Amino acid sequence: MNRDVKIVAIGAAAAAVCVFQPAGAAEQPYPARAVRVLVGLAPGGGTDTVARLITAKLAEAFGQSFVIDNRPGAGGNVVGELAARATPDGYTLITVTPTHVINPSLYRDVRYDAIKDFSAVARLTESQYYLSISNALPASTLAEFLAFAKSSPKPISYASSGIGSANHLSGELFRTMSGLKLVHVPYKGGAPALNALLAGEVQMSFTSSAALPLTKAGKLKTLASTGAKRSTAAPGLPTIAEAGIPGYVVVGWYGMAAPVKTPRAVIEKLNAAINRALPELKERYEALGMEITGGTAEAFGTFLRAERDRWAEVVKISGAKAE
């Protein structure tokens, strides 16, 4: 066999190997190994619980581990920077909340862009806040509270879980839209803020669903919910919009994102798996005071941009800054 014939024979053999090589042998289907899911708060909290519920379902669906990596610090900026700098291969994800889009307006030195450095994967759940007041106040409805607050010679004090937190900015939006004189009193977390309201240290707070059983027990008054529609956890409560401040809407939410330039096929695969899993988690999330949402990655991306713009304006008006 001369040299030219040998080259042709080798080429034909190589082509045959390519033709008969099993599909995916060169590149394993995603996920081929464990996936890290970053969470910007400590274990045991709401964000951690939401993440663990959905990642357990993803692990079941894909037959690979989805490992929660808790990295608290700087109000979520630590985990945001880690996720933004991670390799965009689908093996690092981040659980995002309103702070993800609020922080760039609130902090002076945020080293990532909450929109441009991330690819939205899916919105997971949403929840409402509740306008709760101290039992010491002579009001039982939002209308009565507004009338009392407007006639009060002193500003109404309201508690939050910290500067720039969702319930702080909910209060600032409420102040702007209602025209009331309010003074913000930050605490180190939601539980201390709620305890301050119960103790009468402050007069008002935007609380989580933890306030509902306390309201039922007569320990405080809850006047309205913050959503666009009535809360499934408290359908008897009016929304703030229907009870006296048209257009007021605030919802808490959780979602999943990935570093920008994560392959589109990976985003779509994760999004589909999440949307299949959420109905199975409906009761578990409702027990936490949340409603499942889901939807396309594109819809979540649009939502994130709208939330960023909205809260940037509230932060600007409030003058809130965190260091």
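This section describes the overall build of a predicted model and then selected strands, loops and residues.

The chain has 323 residues, and 49% of them are buried. Its secondary structure consists of twelve helices and eleven strands. The C-alpha trace spans about 105 × 40 × 30 Å along its principal axes. Contacts across the sequence were also counted. Of those with a separation of 6 or more, 78% join residues 24 or more positions apart. The accessible surface amounts to about 15,300 Å². Carbon and sulfur atoms supply 57% of that surface. Charged side chains number 33 positive and 25 negative. The centres of these two sets are 3 Å apart.

Strand β1 covers residues 35-39. Four of its five residues are buried, so β1 is largely enclosed by the rest of the structure.

The peptide bond from Y30 to P31 is cis, with omega near -10 degrees. Most peptide bonds, by contrast, are trans. A32 lies in the loop between α1 and β1 as well. With a relative accessibility of 29%, A32 is partly exposed. A32 contacts Q64 and Y91, once neighbours within four places in sequence are set aside. G75 lies 43 residues from A32 in sequence. In space, the C-alpha atoms of A32 and G75 are 32 Å apart.

Most residues other than glycine have a negative phi. A74 has a positive phi, near 55 degrees. A74 is partly exposed, at 44% relative accessibility. K261 also has a positive phi, of about 75 degrees, and is not a glycine. The loop that holds K261 runs between β10 (251-259) and α10 (264-277). Which side of the cut-offs does K261 fall on, buried or exposed? K261 has a relative accessible area of 71%. The cut-off for exposed is over 50%. K261 is therefore exposed.

Strand β8 spans residues 204-207 and is covered on both faces. M204 and F206 lie on one side. S205 and T207 lie on the other. All four of these residues are buried. Strand β8 pairs with β5, residues 130-133, through four bridges. These two strands run antiparallel. In this pairing L131 stands opposite F206. Strand β8 also pairs with β6, here through two bridges and in parallel. The bridge partner of Y158 in β8 is M204.

S205 belongs to strand β8. Its relative accessible area is 2%. The cut-off for buried is under 20%, so S205 counts as buried. What surrounds S205, beyond the residues up to four places away in sequence? S205 touches Y130, L131, S132, A159 and L197. With A159 there is a polar approach too. A polar atom of the S205 side chain lies 2.9 Å from the backbone oxygen of A159.

S165 is placed between β6 (156-160) and α6 (166-178). S165 is buried, with a relative accessible area of 11%. The side chain of S165 reaches a backbone oxygen, that of G162, at 2.7 Å.

Taken together, the two serines can be set side by side. S205 lies in a strand, whereas S165 lies in a loop. S205 is buried, and S165 is buried too. The side chain of S205 has a polar atom 2.9 Å from the backbone oxygen of A159. The side chain of S165 comes to 2.7 Å from the backbone oxygen of G162.

How values were computed. Residues are numbered from 1 along each chain as its sequence is written. This is a predicted model: local features need pLDDT of at least 70, side-chain atom pairs count only at pLDDT 80 or more; totals for chains, interfaces and linings use all residues. Side-chain values use heavy atoms; hydrogens and water are left out. Buried means under 20% relative accessible area, exposed over 50%, partly exposed in between (1.4 Å probe, protein chains only). A polar contact is a pair of N or O atoms within 3.5 Å; within protein, one must be able to donate a hydrogen and the other to accept it, and residues adjacent in sequence count only if both atoms are side-chain atoms. Contact means heavy atoms within 4.5 Å. Accessible areas come from the Shrake-Rupley method with a 1.4 Å probe; for residues, only the protein chains shown count as cover. Lys and Arg count as positive and Asp and Glu as negative; His and the chain ends are not counted. The place of a charge is taken as NZ of Lys, CZ of Arg, CG of Asp or CD of Glu. Two strands pair if DSSP finds at least two bridges between them.
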